[in-house]
Structures are given as C-alpha cells and as structure tokens.
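Here are my notes on the model, point by point. I hope they are handy while you have it open on your screen.

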Amino acid sequence: MSGTRAPFNPLDAIASAYELGEKPGLQREFKASGMRFSAVAYEAAGFGHVGVMSAHGMLGLMKMETVVLNPFVVDAPLFSLDRIHAFGREVLVAEMYDSLLGSSFCTDPMEAAAAQCPNVPKDKDYWYDYLVVQPGLNLKGKRRDAEAFDGWSQAFLRAYLEAAAKANPCDPEEKRRKASVYSEGLLSNGGPATDPVKKAMGVEWTEDFFRNVLFGCGPA
C-alpha cells in the first residue's frame, strides 16, 4: 500500500455524528490465523454500540479493518464494514442486517452512495442472506484501487449515519433482541468470521467477544 494514502478511519465519521466513549473493560487483543487482532468497544450517545477491530498479518502482507455499528436507541439496521488489504489485493464489503422494529429508516442516501461504486455479485449464498438490507457494497480490486475504496467506504458510512439520524427512536432492549439474531447466528453457524477465533481462543471466549465487544448485544 502506498505510504501517501490516507488511513481508513471510520471513527472520525462516527464521532462527527455521535459522542463516542470507550466502554471500560471491553478492549481485546488476540492472535488467530497468523494475524494479530485488536478490538475496542464504544458507546455512541444517542445511537448505541460501535465495535472496531483491526488486524495485521505477522509478515506485514495483510491488514484488515472492521467496524460494526449496532444501533439500539434509533431504529436503524445493524451495519458492518470491512476493508481488507492482502498481497496487493483490496476488498471492501459493507452490509446492513435487519434489526429494524419499524419502517422509519430510509435508504435513499445509501442508494445514492452505492450507485457510484462498481459492485460485483456475491459468489455464493450465505445463511444470513434473508437478513440483508439493501443496498450494500461488495468491491474487489488491486492496490491501485485502495484510495478509491477508502473514499467509497467513507461515503457509504456517512450516508448510513445520515439515514440513521432521521430514524425513529426505539426500545433499546427490544432492539438488542432483534439485532442478536445476526450475531448469534454467526456463532451458531460458523464461518470465516468466527471459526478461526473459536479455534484460537475457544468457544466461551469467542462468544463473550462477539456478544460484548464486537456487537454489544450482551448475553443470548
């Protein structure tokens, strides 16, 4: 990656919309699949939970950034954004998952942002497809595309925050229960997001990590 490229920092966009505070005792560092992971949980006042995780390959050839926005105070969908830089390849995946209790969330700003991106079709079906709220981003490219991918990811995130700010308030406990369908599904169905962590850290540690740090829904 070019040393002149601006770093991917979704917290700047989130902090411009909501006051962020680190949740005490919810910082984690671990190793899995040859990578070093670091994760932090935040409370976004008037919004809900924000989980941020970064990972670096031990040989310096791979880097990953993930941000999860799980709104419990406003009725917006769960939002997940992944940026992967690996061996000269760039990947951007941004998706929303249905944790909605009503119909006040409007996707128009996100539709406009997604229309600017050369999305590629998914290569297979996933257990959570029925939860996906459109639109989303699914981009694959090369190192030269890194700056453009970062720009699109920031634009899409800001569009989500704009839409969330206009959504109705909702009951936090009911919202947590609805949002946990996705995060608990990740734990029970397995896959590339959960299996390496379970193998490295154990089932109990992984469940605590997903429930409290990354997604913030709490116990099942």
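1. The buried residues of α3 (146-165) pack against α1 (10-17), β4, β5, β6, α2 and β7; contact here means heavy atoms within 4.5 Å. Among the buried residues of α3 are Phe149, Asp150, Phe156, Leu157, Tyr160 and Leu161. Buried stands for under 20% relative accessible area, exposed for over 50%, and partly exposed for in between, with a 1.4 Å probe and protein chains only. Helices (H or I, at least four residues) and strands (E, at least two) are DSSP runs, numbered from the N terminus.

2. Before you go further, please keep in mind that this is a predicted model, in which local features need pLDDT of at least 70 and side-chain atom pairs count only at pLDDT 80 or more, while totals for chains, interfaces and linings use all residues. Residues are numbered from 1 along each chain as its sequence is written, and side-chain values use heavy atoms, with hydrogens and water left out.

3. The length of α3 checks out: its 20 residues should span 28 Å at 1.5 Å a residue, and the end C-alpha atoms are 29 Å apart, which agrees. The expected span is 1.5 Å times one less than the number of residues in the helix.

4. After α4 comes Gly190, with a positive phi near 70°.

5. How many salt bridges are there? The count comes to 13, taking a side-chain nitrogen of Lys or Arg within 4 Å of a carboxyl oxygen of Asp or Glu as the rule. Glu90 pairs with Arg83, with the closest N and O atoms 2.8 Å apart, and both of these residues are buried. Arg83 and Glu90 also belong to a salt-bridge network with Asp150, and Asp150 is a buried residue of α3.

6. Two further pairs are worth a look. Glu162 and Lys166 meet in a salt bridge at 3.8 Å, N to O; Glu162 is partly exposed because its relative accessible area is 40%, whereas Lys166 counts as exposed at 62%. Asp129 forms a salt bridge with Lys122, the closest N and O atoms being 3.6 Å apart. Lys122 counts as partly exposed at 36% relative accessibility.

7. Asp129 sits in the loop between α2 (108-114) and β7 (132-142). Is Asp129 exposed or partly exposed? With a relative accessible area of 29%, Asp129 is partly exposed. Asp129 and Tyr97 are 32 residues apart in sequence, yet their C-alpha atoms are 8.8 Å apart in space.

8. Finally, please look at the surface patch. Leu59, Leu61 and Phe87 form a nonpolar patch with about 390 Å² of accessible area together. Leu59 is placed in the loop between β3 (48-57) and β4, and counts as exposed because its relative accessibility is 77%. Patches are made of residues with over 30% relative accessible area and no salt bridge, joining like charges within 9 Å and nonpolar side chains (Val, Leu, Ile, Met, Phe, Trp, Tyr) within 5 Å.

Technical notes. Accessible areas come from the Shrake-Rupley method with a 1.4 Å probe; for residues, only the protein chains shown count as cover.
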